[in-house]
Amino acid sequence: MPAIGETSAQLALRDPDTRLMLSVRDDQPGAFEELVEHYQNRLVGVLHHLVGNATEAEDLAQEVFLRVYRARKKYRARCKFSTWLFTIANNLALNSLRARQRKPVVPLNTRDSGPLGPRPAERLVKDSGSQPSKRIQQQEMAAVVRKALDGLNERQRMAVLLNKFEDMNYAEIAEVMGLTTKGVKSLLCRARTNLRAVLQSYIYMDGEPVPQTPDDE
């Protein structure tokens, strides 16, 4: 979150993506392409987890970038660029889910990573060896994590994805989701409880405890 009274120029000094977006606003050659390249995989990965459909996630990501480009001349840096970008993405994803409830569709296999790289769940399980048995074990664990994330409701899932995969703090998530900081803390607390319930059988692998990371503040 920007400090009180912080100007766009001051925010740009500490957020390189804000500087890049200001270059997009000024129609500097290559700036928009660089912005898309930097965020495309991350955005599609988060949207894929939210809507459960690889093709729809890619379409929504394109719509996000289209809206960013159309709004470039009116852009004013009031928060980190990523916060603004994922606010647009969250709103589009929620609209898509509401439309689906009115007109159900058959989702694609949510386990597929798709052509634009791995979904965030795969990033929870790092490749620490090249042995086939180790890779199989990692793939199995990634599938468990995907199932756990997909079992959350969309609000909990979005909060977890932004917190763990986009490194957003509570205040930034609150801005993206239109919640209070207290509301985000409560949402993440419930999400973590639900995740632990699914993952508790997988806490130990090969007799060694899986390292636990402290909650982000």
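The protein, a predicted model, averages a pLDDT of 78, and 68% of the residues score at least 70.

Student: How many contacts beyond four places in sequence does the model have for residues 204-217?
Tutor: Over this stretch the pLDDT stays under 50. Where pLDDT is low, the predicted coordinates should not be read in detail. With that caution, the count for residues 204-217 is 19 contacts.

Student: What is the handedness of the crossing of helix 3 and helix 4, and which class of residue has 16 members in the contact?
Tutor: The crossing is right-handed. Residues in the contact include Phe32, Leu35 and Val36 of helix 3, and Leu60, Ala61 and Val64 of helix 4. Two residues of the contact are polar and two are charged. The class with 16 members is nonpolar.

Student: How are helix 8 and helix 10 oriented to each other?
Tutor: The axes of helix 8 (residues 154-165) and helix 10 (residues 181-199) come within 9 Å. They cross at roughly 95°. Angles of 65 to 115 degrees count as roughly perpendicular. Helix 8 and helix 10 are therefore roughly perpendicular.

Student: How many charged residues does the contact of helix 8 with helix 10 have?
Tutor: Among the residues in contact are Arg155 and Lys164 of helix 8, and Arg190 and Arg192 of helix 10. By class, six residues of this contact are nonpolar and three are polar. The number of charged residues is four.

Student: Is Leu152 buried or exposed?
Tutor: Leu152 sits in the loop between helix 7 and helix 8. Among the residues Leu152 touches are Val160, Ala191 and Leu195. The relative accessible area of Leu152 is 5%, and under 20% counts as buried, so Leu152 is buried.

Student: What distance separates the C-alpha atoms of Leu152 and Arg192?
Tutor: Along the chain, Leu152 and Arg192 are 40 residues apart. In the model, their C-alpha atoms are separated by 9.7 Å.

Conventions. Residues numbered from 1 in each chain as written. Predicted model: local features only at pLDDT ≥ 70, side-chain atom pairs only at ≥ 80, totals over all residues. Heavy atoms only, no water. Axes fitted to C-alpha atoms, helices over the stretch in contact; angles between N-to-C directions. Helix = DSSP H or I, 4+ residues; strand = E, 2+ residues; numbered from the N terminus. Parallel < 35°, antiparallel > 145°, perpendicular 65-115°, else oblique. Contact = heavy atoms within 4.5 Å. Nonpolar A, V, L, I, M, F, W, Y, C, P; charged D, E, K, R; others polar. Left-handed = near helix turned anticlockwise from the far one by under 90°. pLDDT = per-residue confidence, 0-100. Buried < 20%, exposed > 50% of the residue type's maximum accessible area, 1.4 Å probe, protein only.
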